[in-house]
Amino acid sequence: MADKQIKITYKPLWKLLIDRDITKTELRKNTKIAPSTFTKMNNDQQVSLDVLARICIELKCGFDDIVKIEF
């Protein structure tokens, strides 16, 4: 497991945005997250915990509401 990259997905976040009628652009601007970071998220690449925390604070939700570990 040590040499294996952990696979994560932000599908729960994208679904939450759709459910709440919020665009990715609105979320990015409200949380002041760089466009390049959102590109990483669109490609299911890891981002910092700080970024995820800012999203959770903005959406008033928990980490498990926006990210999922894929096995």
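**Exercise 1.** Determine which side chain forms a polar contact with that of Thr-9.

*Solution.* Step 1: the side chains of Thr-9 and Asp-44 are joined by a polar contact of 3.4 Å; the term denotes a pair of N or O atoms within 3.5 Å where, within protein, one must be able to donate a hydrogen and the other to accept it, and residues adjacent in sequence count only if both atoms are side-chain atoms. The model is predicted, so that local features need pLDDT of at least 70, side-chain atom pairs count only at pLDDT 80 or more, and totals for chains, interfaces and linings use all residues. Residues are numbered from 1 along each chain as its sequence is written, and side-chain values use heavy atoms, without hydrogens and water.

Step 1: Thr-9 is placed in strand β1 (residues 7–9), a DSSP run of E with at least two residues; helices are runs of H or I with at least four, and both are numbered from the N terminus.

Step 2: with 1% relative accessibility, Thr-9 counts as buried (under 20% relative accessible area, 1.4 Å probe, protein chains only).

**Exercise 2.** Classify the packing of α2 and α4 by angle.

*Solution.* Step 1: helix α2 (residues 24–31) and helix α4 (residues 49–59) pack at about 105 degrees, their axes 10 Å apart; axes are lines fitted to C-alpha atoms over the stretch in contact, and angles run from 0 to 180 degrees between N-to-C directions.

Step 1: α2 and α4 are therefore roughly perpendicular (65 to 115 degrees).

Step 2: Leu-27, Asn-30 and Thr-31 of α2 meet Arg-54, Ile-55, Glu-58 and Leu-59 of α4 in this contact (heavy atoms within 4.5 Å).

Terms used
Parallel < 35°, antiparallel > 145°, perpendicular 65-115°, else oblique. Buried < 20%, exposed > 50% of the residue type's maximum accessible area, 1.4 Å probe, protein only.
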